Every structure is written in C-alpha cells, then in structure tokens.
Amino acid sequence: MAGQPKDFETLYVQHFHEEARALAYYQAKMEGYTALKKAFGMTADAIIDEMKKSNLRGRGGAGFPTGMKWGFIPKQSTKEKYLVCNADESEPGTFKDRDIMRYTPHLLIEGMVIGGFVIGAHHGYIYIRGEYTREAKLLDAAIDEAYAAGFLGKNILGSGFDFDLTVHRGAGAYICGEETGLLNSLEGKRGEPRVKPPFPAQAGAFGGPTIVNNVETLTDVPFIINRGGEWFSKLGKLEKSGGTRLFSVSGHVNKPGVYELPSGAYTLRQIVYDVCGGVLDGKKLKAVIPGGSSAPVLTADEIDVIADIEPIMKIGSMLGSAAIMVIHEDQCMVQLIERITKFYAHESCGQCTPCREGCRWMEDIIQRILHGKGKMEDLDLLLDITNNINGKTLCALGDAAAGPVASFVKKFRPEFEAYIRGEKRLAGHAPGHGGKHAEGHGEQHG
Amino acid sequence: MAKCTIDGREVEFTAGENLIEIARRVGVEIPYFCYHPGLSVVAQCRMCAVEVEKMPKLQTACSTPASDGMIVHTDSERAKSNQKSIMEFLLINHPLDCPICDKAGECDLQENSFKYGDAYMRTSEERRTYLDLDMGPVIKKNMNRCIHCTRCIRFGAEVAGVREMVAVSRGNNTEITTIDGRPLETDYAGNYADICPTGSLTLKDFRFHKRAWMLKKTATVCEGCSKGCNMEIQQDNNVIERCIPRPNMEINRYWLCDEGRFNYHYVNDRSRITAPTSLGGKTSWTSAVAAAKEALKGKKVLVLAGSDLTQEEAKLLIEFAPKAFPGSTLLHFGTPGITATTQDAPADTLLKRKSKTSNLNGWEKLGVKGADSIPAGTEAVLVIRGGRAELPNLDGVSTVVAIGVFNESEVAAAKVTLPGTSFSEKDGTIVNYEGREQRLRRSINPVGQSKQLGEILMLWTHSAAAAPRPMESVKGVVA
C-alpha cells in the first residue's frame, strides 16, 4: 500500500491541509507558541545545546549542523544581527518548503522568533522564492496574526525581547538560494554570491552577523524546544542525523508528492517502490536523482542506499534538499542532461570564470551532440570541463552544474555515443543562442 | 613576526596581507586578473587559486589572508592545471584579435595566456558577441574582449565615487556596461583603460597610435595641479603618445585624473611656437634675443613667472631679474584667483587640487609673491612660463616679451617670443602642496628650436656685449 507511511511519528504531514493555517489551529493542535514561551525561560546557550543534541542538520542541502551554525554568531558584536530564512527553494525538484509555508506558516514564525532570540537578532527576513506568490501572501497574513496575538513585535510574551519579521520576495533567480547571493539580493544588490570569508555569521545582511537557515530547519526548532533535543535526535535512525525529513518526490513515479520520513530509515528503493508506489506505468526504472537536479545521478542498480546525507555521499552523490527525481526507461538521458545543464548555464550569475564560461560550454557541446554534430572526444572533453569547474568556483553553483554532467556521461555513456555515431538525432538545428549574440544594454534575458 | 612558506620560501608577513602580495615579495608570481591592490577583493576570475596545505580545495590567493605556519604551493600540479583551465575558459569567447588590439603587448590576458595557458584550443563553438554603445570621449569599449573581471565596476564605485559601470544580464550573457548605456561621467575615466586587464576598455586618445612595445617610458610627475601625482610619460620619435599613473601610495595611489593624463597634448601641438618670433615673424635666436632686449630697454618691467616653472628655473629668474631689469618686480602666476598656497585646496574628493600649476608651493617657499593684478605704472611685461600656467590679462600692457611654451593665439600681441621647454622636456624639481619635493624628468628633447630657460637667459645675458663669439675662440677655450 503506497503513500505516506504511518508507522512512526510524523511532525508535519498530518497538518498539511487548509485548516491548519490558522493561528487557532496551530495553538490547539500543534502546541503553537508554547515552545516560544519555554525558550524565553532558557538561556541562548542552553537552546544551542539542545539544538546540538537534536542532531538537526540543515535541510537546505548542505546538511550543516544547525546548533553549531547558531554558535558561530559572535556574542560580543555590537552590530545589528539578523536571522534570515532561506525560502527560495530554487533547486529543481524541491517543493517541501512550499507546503510548510502554505499549511503551517506559524511554525516558521515561531521557529524564527526562537532563532532570533538565540542569536540576538531583532529583525528576521523570510526570503521567499518569487514564484511563491500565494505562499508569500499566506505568510504575510500569518505574520499579521502573530503580531496581533503578541508573538511578534515589541516585548514578546512579556519577555522583553523584540522581534520583527519581514517577508521579502525574490525575483526568480536560482543563485539567490545561495546564502550570500540571497543576502545581496535582500540588500537590493545584484544577486550574486560573495567571496567567503567573511562568512555570514561574521558579516552577513547589511554587514551584521547573520544566520541563514532553510525553512524546514527553522520549523524543526519549536518541536526540539518543546520535546527536547534527545527526542528529536531519536526520530532519526542514523547517528548524527536527527529528526524526520520531508522528501519531495517527482518524476516518473506513481505517487509523487511530499513525504515525511524518519532521517536515515528508508532506502531510495523503498521510497520509490514502497512509499511512492513504484515507477509510472509499470515501466522499468532507469535512474534516480536523489537530491535535486544538482545531485549526481544514480543508476537503478545504485538505489539500495539509505536516503540520508552520509550514505548517499559515500556513493558519490548527495541528498541535497531531499528532492528525489525518478527516471524511467523511456527517458533519453542526453536530453535530460541537456535540460539540466541549460538550467545551470542560465542560472549562473556570471561573476566567476569557470561557471560563467564552463556551464555554457557544456551546454553547447551537449546540444551539438544531440543535433548530430558530436565527436567522440567531446565526451572526455565534457568530463575534463566538469573537473575544471568542480570545486574551483566562487560558490557551489559550479559544482551543481558539473556534478550531473560528469555522472550522466560516466553512467550513461552509450546513450551519448549513440547520438555521436548518428544512430539517434534530435530534429531541427542546434540552437545557437540567438546567434550567440548577447544583447545587453540593460535588457534582461529570460 | 608571523611566517608562512610560499613555494619553499619562508616569508614574514603582517596580519591581513593576502598571498598574492606576500608571494610577490619573495619573487613568486601568482597570476591574476580581477585582483587589483587598489580595489576590493572579489575572487571572481579564479586565476590566482593556489594550493594551501591542510585545505582540501584550491584557495584564491587574493582572498586568502596568510596565517602563521601556512604552507602554500603556487606551482603544484593542481594549481597549474587550474591556471591552464581558467585561461581556456577565458579564451572560449575572447576574439583573439591581438594583432589589431591596442592592449597587445601590455595585456594581462595575453601575457598570462603565454605563460600559463595552452597553445591549443579545444572549443569549436561559436563565440559570444556584443554590440557596444559609445562610452563618451575618453574610453572606447569592446565588450567582446571583456573577461568580466569587474575591475572597472569596482573602480567607479569605490574610487571614482560614481556607480556608472555595471553588470547587466546574467551568466554567460553578462555584459559589463554603463547604466542604460550612458556615456561615462567621471573625470577619472582614463583609469578604466589602465586597470582593464584586456583590450576591452581602451583610450580613444591613444588607440591606433602606437604599439605598446614601441613606447619609451620616463618616470616623472604630473604638472596638472599642485597634487604632484606620479606618472609616466610614454613617447616615440619625440612625440608623447600617452601618460599613465605610477603608483605612489602617499600621493595618488594608482590613479590619475583625466585632466592630468591628457594635459601633455600642448607639448606636440601644431600651434605651439617652437621657433623664436619677433613681431609675429620667425627669426633667429640671436636677432630675437636682441629684439627682446631692445623692446624692454629702459622700461619699467614686470617679470611674471609661471608657477609651473621648476625650483631651478625659479632660482635663475630670481637672480636674473634684478640684474637684467633693475627696479623690476618679480611675481608668479598660474591659476586665476589663487596667488598663495592658502587659497589652494582639494578640488574634489580624490586627487585634484584648485591650483592648476605644479609648483605654487615651491615659488612661495622661495619668497616670490603671486600676481593678482598688473601693478600700476607697468610699462612692459616679461612673461615666462612652462606651458600650464594660465596667462593673466595683459591687454593694457603695450610691450610684452614671452619666454617659454605658448601657442600662437596666446602671444599674438607679444613683441618677441622665445620658445622654452615644457615639463616633459626638462629635468627639475617641483614642490607639491604638502611640501613634497619631486623630480620632473625629461622624456623628450625640446621640440623644434625650443631651448631650456637657463640657455635662454645665458644668451640674453651675454649677447649684450657683442655679437656671438666666433667658433674658433670657443674651440680654443675647450681645448
């Protein structure tokens, strides 16, 4: 029987319905804002300690331990500090944060007030993906509710702690999901990553010490405060990876959607076949991308791996934002990597050399191959380019573009070779990027 | 003191220094494009990535501060392979039009390509092209050559104080341009060409004039104002082709204003008087000097000396004037409204100062006063200047004799003009507004028949006694 498994405790999915949005529901059914009250009775260090015990690792993709991250904020700093929620959710295949914000916005608000209290920030920002217009409105409404009820604003719950929260909508750039790119965009600057160091914890938004956390990371906080780090840690089935985790499953699968599973409890195969009801139309599974389109692809033989950070890293891919994309036998892998590479080339901010030049070069080569103009040496050239990008760019976008190309070429080489030998060919001419004429003069290209 | 090791060489450093600068001190060159010591660090070109022990990834040397005990390898296999790959990436879309590019010969992209790149290309893709709009009178842009280092954007925002260069579009289509394609506004625009590491921004004033390697270079000081910015004159065939800034951290750092940069144009200008003239007609030095002396004979003479003249020239005039014209007055001139250093002040927030001559302070130190008007009773004026000082109004003066650098219209009314030398044709000392003594160096020979002031005054002093001595007697003296 496919669908959300019910044999363990879930925190989120039972509340993913329209009625859950109201403050009254949140308080009645989800112990709403009790964690906040409890947190005000604790010291910041005690909360950070609890966070460390929880083994909560960032849910945005990098998997950095949240408690440790919060501890990086310099206590002595006299500069204004900020807590920023990364709700850009721009990694293709990821849509879990959308559900959280859509159905349980107060969870995010409460998590942010607690986070702000811990790091000493009096202003929080939710940087939300520009396309999430509905969620931005829902968040704004929830924030109004919270202000009216005294959970935001001055002297929250009589604690003497002030916290304001602002929703800031992005304008649709993948790179603004990178934390320093996000901060630049938040400040009204061009959305491109900053050179690190300084890290945001030293100098982030508007020059002040800043913590940037993913939505799901912050919404885990009230649960941890209420029930303890140890309890949260034990929800996970692996050491150093606590809590449940929301998986966004999409692609050629019978029941795509958001699923909540204990960290480290399920293999990819179990998720595809048991939780999500198997491959669409009963077709054969060809591949799985385990962590958003930037994660190196896994073949159908590689999916007996626990879907968590360390196990997937060990086999050369990544869990990322836990966005699982399922690919069946009819999918042409060359066309798929062309689409993925086109995305990263388009989303490259253009400031650093390997990403700006390399991503488009890879895209050009793959398109050439698709249109029957490839050469056998192009495949090794592609691998060489990925090697020259990987780990050598200013931010992780370069790696995000290089990883998939390398894995596709290595694992599905015969499909590329078929195009090169002329056995397959895409109709039409290779698009030359408008004659490769980069018109500019203030014009933005879609 | 903290020490780190770069390619096996131990080197001391002060906190905050980056690896590029430290390596430079021990003779290790780390190649880079986007880094510039006078601008913020962005680590965008990735060319300077080096291997640092105990760090898994290559680190960009520009953005990595050294730490005690750090061991750096700039020439490891990984670092070298990264340099090679960055060069490959940068050249995918570069037009490689070096033979017709003005930057060739002094181009970072070209030099690093030879040193660190591969001679073969692996790309067969069509190159990216852009359309360029006019950037105003100073800079010619060629976006196709651009490598997106963003030095120009940072120079405008951080140094010139005007956010006029920007990046528009994104990714591979990123275009470095002015906001809305408007012409540049800053009066420091020439620096854009200096800092551009490739031929994307070149000087309209210089392009297609000379190949960079043909230029002879002389380190000297700008005479454009009392700041005394350090600069280099570049000439070929006794014609100045270009002036560029020389770094001096205590004065102009890395920059030069456009006024100072393009000031040299009068030196080789066609309208410059480069032969002695008497009553508007060319004549010989002997008869011109004789005519000049005749014109001033017995008159109440005012000697007006430009504060663009050097200390050495000032000393000569201070000695010469009372002897040649007993009872005469010697005053200096240069910028209308500014007769003393107390009236001099910064003219902007970067380099420029209000005194538009280089040696106002020097003249003042020698005790000469500035002229704010022509004293009553003046019958004749002997005006001497280097070429930069702005002439006072001499309309009411019946007799004017001019020594120095003038153009035809300036001395149309002069009885006699004796052509002298500009700042680029002589050696000498100038004293800037803060009392810093700096040397002007001769970069070209005096143009035409122009002579140094010392030589002119010598002719003046000795020609009164008799006609020039015959050559035989000179030979006798020398022998």
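In the predicted model, buried residues account for 55% of the 446 residues of chain A. The secondary structure of this chain consists of 18 helices and 9 strands. Its radius of gyration is 22 Å, close to the 22 Å given by the globule rule for 446 residues, so chain A is as compact as a globular protein of that length. The C-alpha trace of chain A spans about 75 × 55 × 35 Å along its principal axes. Among contacts in chain A between residues at least 6 apart in sequence, 71% link residues at least 24 apart.

Chain A contains an open sheet of 4 strands, arranged in the order β3-β2-β1-β4 with parallel pairing. The edges of the sheet are formed by β3 (164-169) and β4 (210-214) of chain A, each of which pairs on one side only. Direction ignored, neighbouring strands of the sheet are turned by 20° against each other on average. Strands of a sheet pair through backbone hydrogen bonds, either parallel or antiparallel. Strand β1 (residues 82-87) of chain A runs parallel to β4(A), and 5 bridges join the two. Within this pairing, Leu83(A) has Ile211(A) of β4(A) as its bridge partner.

Helix α8 (residues 179-186) of chain A, by contrast, lies across β1, β2, β3 and β4 of chain A. This helix runs at about 110° to β1(A).

Chain B comprises 11 helices and 22 strands. Of its 479 residues, 49% count as buried. The C-alpha trace of chain B spans about 85 × 50 × 50 Å along its principal axes. Of the contacts in chain B with a separation of 6 or more, 64% are between residues 24 or more positions apart. The mean pLDDT of chain B is 94, with 97% of the residues reaching 70 or more. Over residues 465-470 of chain B, however, the pLDDT is below 50, and this stretch has 2 contacts in the model beyond near neighbours in sequence. Residues 472-479 of chain B also have a pLDDT below 50, with 1 contact beyond near neighbours in sequence.

Helix α10 (residues 453-463) of chain B has Leu453(B), Ile456(B) and Leu457(B) among its residues, and these three are buried. They cover an arc of only 95° around the axis, and therefore lie on the same side of α10(B). An α-helix has 3.6 residues a turn, so residues three or four places apart point the same way. The buried residues of α10(B) pack against one helix, α8 (311-324), and against the strands β18 (380-385), β19 (399-404) and β20 (416-419) of chain B.

Helix α4 (residues 151-160) of chain B is mostly covered, with 7 of its 10 residues buried. The buried positions in α4(B) are Arg151(B), Cys152(B), Ile153(B), Phe155(B), Gly156(B), Val159(B) and Ala160(B). Their packing partners in chain B are β7, β8, α5 (190-195) and β9 (201-203). Just after α4(B), Gly161(B) adopts a positive phi of about 75°.

The strands β7(B) and β8(B) run antiparallel and are joined by 4 bridges. Across this pairing, Ala167(B) stands opposite Ile176(B) in β8(B).

In total, the contact takes 40 residues from chain B and 34 residues from chain A. For the complex, the predictor gives an ipTM of 0.92 and a pTM of 0.92.

Notes. Residues are numbered from 1 along each chain as its sequence is written. Chains are lettered from A and ligands numbered from 1 in the order in which they are written. This is a predicted model: local features need pLDDT of at least 70, side-chain atom pairs count only at pLDDT 80 or more; totals for chains, interfaces and linings use all residues. Two strands pair if DSSP finds at least two bridges between them. Axes are lines fitted to C-alpha atoms, for helices over the stretch in contact, and angles run from 0 to 180 degrees between N-to-C directions. Two residues are in contact if their C-beta atoms, placed from the backbone, lie within 7 Å. A residue is buried if 20 or more other C-beta atoms lie within 10 Å of its own, exposed if 12 or fewer, and partly exposed in between; C-beta atoms are placed from the backbone. The arc is that of the directions from the helix axis to the C-beta atoms. The radius of gyration is taken over C-alpha atoms; the globule rule is 2.2 Å times the number of residues to the power 0.38. pLDDT is the predictor's confidence in each residue, from 0 to 100.
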